[in-house]
Amino acid sequence: MLNKTKHMTSALIVGIFIAMAFGSGDDTSSDSTPDSNKPMNIKQMGEPLSTRYFDVTINKATFQDRVNTGNQFANLPREQDILYLVLNTTFRNTDTESRMIMDGEVLINYNGKQYRFDHSETIMTDGWGTMLEQINPLTSKTTNIVYKIPNEVLGEIYYHPGRSSGNSLIFVGKTE
């Protein structure tokens, strides 16, 4: 019985990794390199940005020195020289089948360079993050996506949703 449980657990873990890598069988790749032959598609906070499968809207963006999720086991503590960029984001599935939500990345122009923050913080509580979330056609999900940013990084901030072209961005704001 113990051997059977071990095999079932291993199969479940492998299945999760496959789902993370391939989503719901659709193309999870995104071309995040801007194409100089195409015009930039830049939206402001509050305006929906249409991507391959979703209309994505940043409702609110805040910098915080710690993240309180309402669940003491899922909070992010204060870290020296770190701020958390919290993006309250709505994803509306515009496709004809359910699709997996992908976080995307934050781009910050700082000291003449563009820094790409493509790893969001994993927070395992409702209303935070997008880990393995799928939503049905024509439905929406609002969640908070959190990025860890060094507090020295100042400049224009853009959000590039997952599965959107490199020319599609949402202007989040400017830090000084």
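## Polar contacts at T90

In this predicted model, the side chains of T90 and N59 are joined by a polar contact of 2.9 Å. A second polar contact, 2.7 Å, runs from the side chain of T90 to the side chain of T142. A polar contact here is a pair of N or O atoms within 3.5 Å; within protein, one must be able to donate a hydrogen and the other to accept it, and residues adjacent in sequence count only if both atoms are side-chain atoms.

T90 lies in strand β4. Strands (E, at least two residues) and helices (H or I, at least four) are DSSP runs, numbered from the N terminus. T90 is buried, with a relative accessible area of 17%. Buried means under 20% relative accessible area, exposed over 50%, and partly exposed in between, with a 1.4 Å probe and protein chains only. Beyond its neighbours within four places in sequence, T90 is in contact (heavy atoms within 4.5 Å) with D55, V56, T57, N59, S140, K141 and T142.

## Basis of the model

Residues are numbered from 1 along each chain as its sequence is written. The model is predicted: local features need pLDDT of at least 70, side-chain atom pairs count only at pLDDT 80 or more, and totals for chains, interfaces and linings use all residues, while side-chain values use heavy atoms, with hydrogens and water left out.

## Confidence

The protein averages a pLDDT of 84. This score is the predictor's confidence in each residue, from 0 to 100. At least 70 is reached by 78% of the residues. Over residues 4–31 the pLDDT is below 50. That stretch has 29 contacts in the model beyond near neighbours in sequence. Where pLDDT is low, the predicted coordinates should not be read in detail.

## Overall layout

The secondary structure comes to 1 helix and 11 strands. Along the sequence the pattern is α-β-β-β-β-β-β-β-β-β-β-β. The protein has 176 residues, and 39% of them count as buried. Among contacts between residues at least 6 apart in sequence, 71% join residues at least 24 apart.

## Aromatic pairs and a charge over a ring

The structure holds 3 aromatic pairs. One of them is F54 with F91, edge-to-face, at 6.1 Å centre to centre and 80° between the planes. F54 lies in strand β3 (residues 54–64) and F91 in strand β4 (residues 82–93), so the pair ties together parts that are 37 residues apart in sequence. Rings of Phe, Tyr and Trp (its six-membered ring) pair if their centres lie within 6.5 Å; planes under 30 degrees apart count as stacked, over 60 as edge-to-face and the rest as tilted. F54 counts as buried at 4% relative accessibility. F91 counts as buried at 1%.

R99 lies over the face of Y53, at 4.0 Å from the ring centre. The criterion for a charge over a ring is NZ of Lys or CZ of Arg within 6 Å of the ring centre and within 35 degrees of the ring normal.

## Nonpolar cores

The largest nonpolar core has 22 residues. L87, V106, I108, Y147 and Y159 touch the most other members. Elements giving two or more residues to this core are β3, β4, β6 (105–110), β9 (140–150), β10 (156–160) and β11 (168–174). Another core, of 9 residues, lies apart from it; V67, I82, I123 and V146 are among its members. A nonpolar core is a set of buried Ala, Val, Leu, Ile, Met, Phe, Trp, Tyr and Cys residues joined through side-chain atoms within 4.5 Å. In soluble globular proteins, nonpolar side chains tend to be buried together.

Not counting residues up to four places away in sequence, I108 touches K113, Q114, Y115, F117, I149, V153, L154, G155, E156 and I157. Y110 is placed in strand β6. Y110 counts as buried at 15% relative accessibility. Its contacts beyond four places in sequence are Y115, E152, V153 and L154.

## Positive phi in loops

D81 lies in the loop between β3 and β4. Its phi is near 65°, a positive value in a residue other than glycine. D81 counts as partly exposed at 47% relative accessibility.

L132 is found in the loop between β7 (113–117) and β8 (134–135). Phi of L132 is near 55°, also positive in a residue other than glycine. L132 is partly exposed, with a relative accessible area of 34%.
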